[in-house]
Amino acid sequence: MLKAFSNYKALNIYALYFHIGETEKKCFIEEIPDETMVIGKYRTQLWDKQTGSFLPATPGLGMHVEIKDPDTKIILSRQYGSDGRFTFTSHTPGEHQICLHSNSTKMALFAGGKLRVHLDIQVGEHTNNYPEIAAKDKLTELQLRARQLLDQVEQIQKEQNYQRYREERFRMTSESTNQRVLWWSIAQTLILIVTGIWQMKHLKSFFEAKKLV
Amino acid sequence: RDWATLSAWQLVLVQVLWAYLLCGWTFGSELTFELPDNAKQCFYEDITIGTKCTLEFQVVTGGHYDVDCRLEDADGTVLYKEMKKQYDSFTFTAAKNGTYKFCFSNEFSTFTHKTVYFDFQVGEDPPLFPNENRVTALTQMESACVSIHEALKSVIDYQTHFRLREAQGRSRAEDLNTRVAFWSIGEALILLVVSISQVVLLRSFFSDRKTTTTRVGS
């Protein structure tokens, strides 16, 4: 029973969808603390001109998934089929970028130009499959609820830590701007004064040479 | 009873029952995406009648932090339409079955890319125990757990919105930092160039033109 439920869960969550063009690349940003798991699932459907509707599944249709970490280093770059599931765990806190683009070799398929992509991205404690955990660790209902609360609190803690790190970065940026404004203002005033004095001196000597003064 | 021994129609019946059981519970989607200038991005979701849904969105970076948002139901009736909004939350109950569509538009902007965050919750979260009979009452401990869970969910939601607002401030600060450096160096250079060229120009006014005037005269 549980297995059937989890299978249905797998089908049901591809609820939100959007349309993507042939060579279009769609990117999504996930700003997450470190050591956070992200699971992404997608399902693609191709527009069939003959029937005027979307086909339930098309073999040979692929999507290329590329995930970059906050330092723009690629942590995952893989080709998946028309239905795919990708997962990664962040090692640095920050903005991770998940990009999808279709990479079908059969360009003729895209004559209609529309591809429907169902996407679901779950982050942190939403990645936990509680019925599975209950079955594996043999937890009672109360224990499972406590486990869920613990996971939520852990996620809140991680986010707070990340918040502290971000605030520190913000503070450093502001202080750097402050320093720059200070030093460059002083430098520019000095340049102004020095060039002013040089101009006067130079012109004075020039006019004296020309015997106009 | 082994699932393999069930006949095909029995399996179909079971699946239909599961689908019926699950139709009340659907998950929410939370995404952050980049909206280029003059672009419009639409998202669709199939919703059953009577489901309570919430759409929340916030502009994270770009320009004046505003975006046009439009939510239409299955027949194209506009349920929500706002222009140039920075943040909003809209709750509605689905009055019809079908595909609901919501779009974010940056068509009024000529060159700023916007990053938009949205959270579209459809229905309630699935219960922790799929086999749970909804009729049985929860014990006090379980009710306490449920209320703590709901409270923590709202804490996480507030944290998300705080993070997005803080991201706005931080990206502005970082922009300011780089801009200050560039403009300062630029201004210093302009200052030097202008002052030297002033002197050179002035000198050229007083240079010996007697040779040229005599040539013209004769």
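Predicted model: local features only at pLDDT ≥ 70, side-chain atom pairs only at ≥ 80, totals over all residues.
Residues count from 1 along each chain as written, chains are lettered from A and ligands numbered from 1 in the order written. Local features need pLDDT of at least 70, side-chain atom pairs count only at pLDDT 80 or more, totals for chains, interfaces and linings use all residues, and side-chain values use heavy atoms, with hydrogens and water left out.

**View 1. The disulfide of Cys27(A) and Cys99(A).** This is one of two disulfides over all chains (a disulfide is a pair of cysteine sulfur atoms within 2.5 Å). Its S to S distance is 2.0 Å, and with 105 degrees about the S-S bond the link is right-handed. Cys27(A) sits in strand 2 (residues 25-32) and Cys99(A) in strand 8 (residues 94-102), so the pair ties together parts of chain A 72 residues apart; strands are DSSP runs of E, at least two residues, and helices are runs of H or I, at least four, numbered from the N terminus. Cys99(A) is buried, at 2% relative accessibility (buried means under 20% relative accessible area, 1.4 Å probe, protein chains only).

**View 2. The disulfide of Cys42(B) and Cys103(B).** Here the sulfur atoms are 2.1 Å apart. The S-S torsion is about 105 degrees, so this disulfide is right-handed. It joins strand 2 (residues 40-47) to strand 7 (residues 98-105) of chain B, across 61 residues.

**View 3. Cys53(B) and Cys145(B).** Cys53(B) is buried at 0% relative accessible area, and Cys145(B) is buried at 11%.

Notes. Buried < 20%, exposed > 50% of the residue type's maximum accessible area, 1.4 Å probe, protein only.
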